[in-house]
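Good morning, and thank you for making time for this presentation.

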2 protein chains.
Amino acid sequence: MRASSVSGKMGTECSSERKGFRVASRLGPASLVQSAAIARRYYLDGRSKVDIAEEFGLNRFKVARMLDHARESGLIRIEIGHPGLVDVELSARLQETFGLTRAVVVDTGDDNAETLRTQVGQFAADVLAEVIGPDDVLGIAWARSVGAMAKTLPRLPGVPVVQLTGAIALPGSGDSSFDIVRDVARAAGGPAYVYYAPIVLPNAAAASALRQQSDIARAFGQVPQVTKAVVGLGLCAPGGSTLYDALSERDHAELRELGVCAEVCGVFLTATGEPVRAELTDRVIAVGAEDLRAMPDVLVVAYGTAKLPAARAALRSGLINGFVTHATFARALLDES
Amino acid sequence: MRASSVSGKMGTECSSERKGFRVASRLGPASLVQSAAIARRYYLDGRSKVDIAEEFGLNRFKVARMLDHARESGLIRIEIGHPGLVDVELSARLQETFGLTRAVVVDTGDDNAETLRTQVGQFAADVLAEVIGPDDVLGIAWARSVGAMAKTLPRLPGVPVVQLTGAIALPGSGDSSFDIVRDVARAAGGPAYVYYAPIVLPNAAAASALRQQSDIARAFGQVPQVTKAVVGLGLCAPGGSTLYDALSERDHAELRELGVCAEVCGVFLTATGEPVRAELTDRVIAVGAEDLRAMPDVLVVAYGTAKLPAARAALRSGLINGFVTHATFARALLDES
DNA sequence: GCTAGATGTACTCAAATGAGCGGTACCGGG
DNA sequence: CCCGGTACCGCTCATTTGAGTACATCTAGC
């Protein structure tokens, strides 16, 4: 009925930067509105540019250019959001920065240790459930954070579960502390290569003897088959790890001398991520650095920013390729790198 | 170095609707993060799906499916925004709902009449500057809102400017009230077909005589050439229009009888948008409904929600095809339609 | 008034993309 | 146990899209 084009041989300059509210586009309000209408059709209604061009009486190139301009000028905003508690932005940055196969950062509003453990554990459980396949063999290290995961684990495919380290009785929580691996094995329903043993023994001979014990030998025999491992993170400083706190003053001195910073699955690491062989290593019931390195997927579950230096060591070591943690932890890691 | 795929024959179900924070996707956190990373590459970095597929070791179909899924599940949000004071969303809705060629809705936080007049006037000026071309002929009606526009008009191409109606001296603002058309003509710099005449005369004979007057006849001679007109909006009720308030009680009665609701550029309209021929019509110095209908572009500038019924009449009339107003006005129009 | 550069427009061709299809693994119910 | 329903994967084919290019038009500066 009417001529209906905004385009044509017209001055499309817009005068009104007079109040400074022209954000980026130098186009007038009418083009702005048309751009918006076109953007809506394209991005929200999913119509093709050719369609839109016909509808508005333009050619498809004009439509494409208008869309380009609209995006440049910020009229169209595309956000990759937070659907829930996972901070996908942080997760992706963590993953890319440290070359991980996967990273999941949980954004708990609260940084209370209890909340963190629960939330991080829950998401670690989700990640494990997601990545585990029927042909995998699952390795589980003893750690508080892994315990938190074990408690909320859904049903898994019936994979074998292999205990990777001995345990330590936790002072507070009595019962389940020893049963982390058993809990996981129950969730899976597959064969369980588990044993009762402390992670550290008074001397190498005792440890060696214990490794001969049938359950333990059987479990260690399965270690090379492990395809997915879930491990905790210990900082080698007072209060930084249950293992460290269970060691003697002499052990502490040795670790200090060797420059040990972190402990992952019974493996001691320097700040630069080098695995260290200590006298202590022979007294530990756990897989070795080489076993760990041979596993295709090693997922670290860690919370509490005190452990940051340990996390850095672990990330540098190349022994791990997955990380589940909380937002403050991830942010600190990224800030300092 | 490591196997690095989240895909494969794995259960990708996610268990944790347990706390209800799984928004829409039933995928686990790891896929979530990967989807987000892919979405970022695609939408924000503008890479192609083939590229992304290579980078992540997937095929392009998988990438496409993940993106689709991510969009459906709300991970990717696309918003068409507010760059400045123009509410593009409302503008587009107004435009589409009433089949207009253009609509611009200004979102002034404030609904003070003074603010509205200034802001709406400013954006009307922008719109006019944007759509006017060097080959246009510009018609200007006398109206307070058009006056507000005239005051902030930037330099226009040197087009002819044609006065479409007589004027009324405003009670308050002394000087510029008569000079609206002259202001516009000055901004354009082209030939000005202007005259000094009241919009309404005591009798048809006086109006007829005045129309013979050379300036006025010259201006009316140009009316068929007009390609773009800017007009105001009057509600035919006390206080709804300067024209109405200038009329006699007899005139009011006539308009009431004829069911006149609105006045646009000297043309009286019923609530359904029918132009009405009254005795009064012969006493008005203004273009007729047919002249108005013949103009390819007629832009209404209106503010103040009291005039809503008049706006509805004008929109139904088919005489106009552009609208500049403010957010509360536009919302009310859309709500009631 | 004229030329150089900027801007907008139209077109071609190759790359990117989406729709739809068949094959396959998985799941829950007979 | 088999069987239909479902979801996923990888593919082909037709369409859509973007990059490059050439041409028209406008603007600014001399």
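Which residues surround DNA strand C? Before I answer, please note that this is a predicted model. From chain A, the residues around DNA strand C are A:N59, A:R60, A:F61, A:K62 and A:R65. From chain B, they are B:Y42, B:S48, B:K49, B:V50, B:R60 and B:F61. Of the atoms of DNA strand C that come within 4 Å of the protein, sugar and phosphate account for 47%.

A phosphate oxygen of DNA strand C has a polar side-chain atom of B:K49 at 2.3 Å. The largest share, 4 residues, comes from α3(A). By class, the surface near DNA strand C comprises 4 nonpolar, 2 polar and 5 charged residues.

I now move to DNA strand D. How many residues surround DNA strand D? There are 13, and the closest are A:K49, A:R60, B:F61, B:K62 and B:R65.

An N or O atom in the side chain of A:R60 is 2.7 Å from a base oxygen, while an N or O atom in the side chain of B:R65 is 3.0 Å from a base nitrogen. The phosphate is also approached: a polar side-chain atom of B:N59 lies 3.1 Å from a phosphate oxygen of DNA strand D. On this surface, α3(B) provides the largest share, with 4 residues. The classes are 5 nonpolar, 2 polar and 6 charged residues.

Finally, I would like to consider a pair of helices in chain A. Helix α6 (residues 144-151) and helix α7 (residues 180-188) of chain A pack at an angle of about 30°, with their axes 9 Å apart. Because angles under 35 degrees count as roughly parallel, α6(A) and α7(A) are therefore roughly parallel to each other. The crossing of α6(A) past α7(A) is left-handed. A:V146, A:G147, A:M149 and A:A150 of α6(A) make the contact with A:I180, A:D183 and A:V184 of α7(A). These contact residues divide into 5 nonpolar, 1 polar and 1 charged.

Notes:
Residues numbered from 1 in each chain as written. Chains lettered and ligands numbered in written order. Predicted model: local features only at pLDDT ≥ 70, side-chain atom pairs only at ≥ 80, totals over all residues. Heavy atoms only, no water. Axes fitted to C-alpha atoms, helices over the stretch in contact; angles between N-to-C directions. Helix = DSSP H or I, 4+ residues; strand = E, 2+ residues; numbered from the N terminus. Parallel < 35°, antiparallel > 145°, perpendicular 65-115°, else oblique. Left-handed = near helix turned anticlockwise from the far one by under 90°. Contact = heavy atoms within 4.5 Å. Nonpolar A, V, L, I, M, F, W, Y, C, P; charged D, E, K, R; others polar. Near = heavy atom within 4 Å. Polar contact = N/O pair within 3.5 Å; in protein donor to acceptor, adjacent residues only side chain to side chain.
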